[in-house]
Structure formats: C-alpha cells, structure tokens
Amino acid sequence: MLELHVLASGSKGNAAIVKDAESGAGFLIDCGICKRDLLRGSESVGFDLAKLTDILITHDHFDHTRGLGVCARALAKMGCQVRIRTSHAVRRASAPLEEALASEGITFEPFKGGDALSICGMQVHVFPTSHDAAESFGFRIEGTEDSIGYMTDTGHVTGEAHEALQYVRLLALEANHDLRMLREGPYPYPIKHRIASDAGHLSNAQSAAELEALLSGLGAGMLESVVAMHVSQENNLYSKAQTSFEDMLARYEHPATALVAKQSTPLSVT
C-alpha cells in the first residue's frame with residue numbers, strides 16, 4: 001500500500017512524502033519548507049529520512065523550492081544519496097535547486113511531461129499542469145494494486161490531468177481559494193486576476209467540479225480519500241475547502257473521506 005504524508009501545504013511552503021508502506025522507502029514532492037520542519041514533520045508521520053531516494057519538484061515557485069539547499073545539505077550529512085527530479089526549464093528558473101545540487105551526494109535527473117519514473121518500486125507518471133511557472137507538473141503514483149493522484153498549482157484541469165487522476169485510491173487536489181473571498185479580499189486586482197486565471201490556482205468550485213467528474217466516471221469506486229491542497233490562508237477557509245468536497249461526495253453518496261492539508265500541521269493519509 002502507498003501512504004501520502006503532507007508535511008506542509010499552502011502559500012508559505014509545500015512538501016509531501018509518498019511512502020511505500022512495505023519497504024518504508026519513499027520520495028519527497030517539493031521542498032518549500034525549512035530543515036527543522038522537514039526533520040520534525042518526517043518524524044511525526046513516521047518516515048525515516050534515511051530511506052528518502054528522490055525529490056520531485058512540481059515547479060519553480062519559491063514556496064515549493066525554498067528549502068532545497070539547506071535540506072539537501074542536511075540529507076547529505078545523513079549519508080543520503082538523493083536525486084532531485086524536475087524539468088530542465090524548472091531547474092534553470094530555480095536558484096534554490098542549483099544551490100541544492102552543490103551539496104555532496106545530491107544529483108539531478110530531468111523529466112518531462114508524459115514520462116514514467118521508477119522510484120522505490122513505484123511508477124510515477126508525470127503530467128503537465130497549467131500554471132504561471134517555467135513549467136509545472138502533477139503526478140500519478142502507482143504501486144502494487146494502489147495509486148495516488150497529486151495535483152496542485154494549476155489554473156484549470158486539462159484532459160490529460162483528468163485522465164491521470166482517474167482510478168486512484170488517494171487524491172490530493174488543489175482547492176486554493178473561495179472565489180467570493182478572493183474577489184472581496186485585500187489583494188490588488190492584478191494578483192486576483194492571476195490567481196483566478198487559467199494559469200493560476202483552482203478554486204473550491206473548480207476542484208469540486210473535477211471531483212464530480214471523477215465520481216461520475218470510471219474508477220470512482222476506488223477512491224477512499226480526497227485531500228484539499230494548497231488552501232489559501234487569505235482567500236479561503238479550511239472549512240470551506242473541506243465542505244466543498246464533502247458536499248460533492250454526499251451528492252454522489254460516495255463513502256470517501258474529505259480531508260484538508262494545512263500549512264503547519266502534517267497530515268497522513270493511508
């Protein structure tokens with residue numbers, strides 16, 4: 001079975017661990033947190049960082065990469081041999097990534113949309129998302145008779161992304177903002193426009209619509225948990241994001257559990 005441990009999710013920093021429960025090995029998705037939070041968070045969710053093999057980067061924005069340098073140095077001191085994986089375009093756009101690659105034992109291996117990666121006995125399928133970064137990606141992770149869909153930081157759900165998120169047991173799906181809160185909130189208009197654009201972030205309503213599409217399609221019976229990701233602390237409420245998923249699950253009388261990943265409190269989904 002696969003496990004998803006979200007150490008942090010939000011505009012101040014993002015990081016999640018995908019773990020193979022049988023072997024205990026796993027990989028990190030993004031590293032926008034400090035060394036202390038990585039160490040404490042990993043310990044709190046029961047993950048041994050000595051079994052970390054890879055760090056996958058969704059895109060180059062600072063809240064997903066800021067901790068790469070200091071965390072890579074800490075992992076190197078622990079004797080870990082870790083690969084950082086993302087696209088060449090993301091690498092070129094990310095100073096923290098280049099800093100991390102200066103650490104002994106940290107290597108780089110590029111991927112692109114459509115690639116299938118083999119990590120710790122898991123297959124990770126990479127798909128592009130729609131975000132205002134150098135490039136941005138989501139992941140479908142497959143283990144032995146198990147699967148996770150992971151998508152944050154996208155302004156809309158492409159057909160390729162929707163296909164990748166079908167037939168999963170655990171779904172991590174961005175629910176960044178409540179549209180009314182965004183419209184009435186304190187952000188300047190250009191930032192509001194950027195967030196709500198097709199290259200910005202998914203709203204609660206957009207995320208719920210994607211969940212509905214998945215629930216009405218093939219593979220819906222496999223879903224056990226759906227996690228609201230990258231919830232804005234300025235333009236959303238954790239309760240609003242969770243309720244948007246719960247209401248959709250109730251509409252379809254689906255037994256899956258709706259959860260919310262938070263900025264400062266790790267969440268384990270198994």
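1. In this predicted model, the place to start is an open sheet of seven strands with mixed pairing, running in the order β6-β5-β4-β3-β2-β1-β14. Its edges are β6 (106–110) and β14 (267–269), each of which pairs on one side only. From one strand to the next, the twist averages 20 degrees.

2. Have a look at the β14 end of the sheet. Strand β1 (residues 2–8) joins β14 there in the antiparallel sense, over three bridges. For L4, the bridge partner in β14 is V269. As a reminder, strands of a sheet pair through backbone hydrogen bonds, either parallel or antiparallel.

3. Next, a helix on the sheet. Helix α3 (residues 68–77) packs on the sheet and touches β4 (52–56), β5 (82–86) and β6. The direction of α3 makes about 170 degrees with that of β4.

4. Helix α1 (residues 35–44) is worth a careful look too. Which of its residues are buried? They are L38, G41 and S42. These residues lie on the same side of α1 because they cover an arc of only 100 degrees around the axis. The face of α1 turned away from that buried side carries R40, E43 and S44, which are exposed.

5. What do the buried residues of α1 pack against? Their partners are the strands β1, β2 (15–20) and β3 (26–29), together with helix α3.

Key
Residues are numbered from 1 along each chain as its sequence is written. This is a predicted model: local features need pLDDT of at least 70, side-chain atom pairs count only at pLDDT 80 or more; totals for chains, interfaces and linings use all residues. Side-chain values use heavy atoms; hydrogens and water are left out. Two strands pair if DSSP finds at least two bridges between them. Helices (H or I, at least four residues) and strands (E, at least two) are DSSP runs, numbered from the N terminus. Axes are lines fitted to C-alpha atoms, for helices over the stretch in contact, and angles run from 0 to 180 degrees between N-to-C directions. Contact means heavy atoms within 4.5 Å. Buried means under 20% relative accessible area, exposed over 50%, partly exposed in between (1.4 Å probe, protein chains only). The arc is that of the directions from the helix axis to the C-beta atoms.
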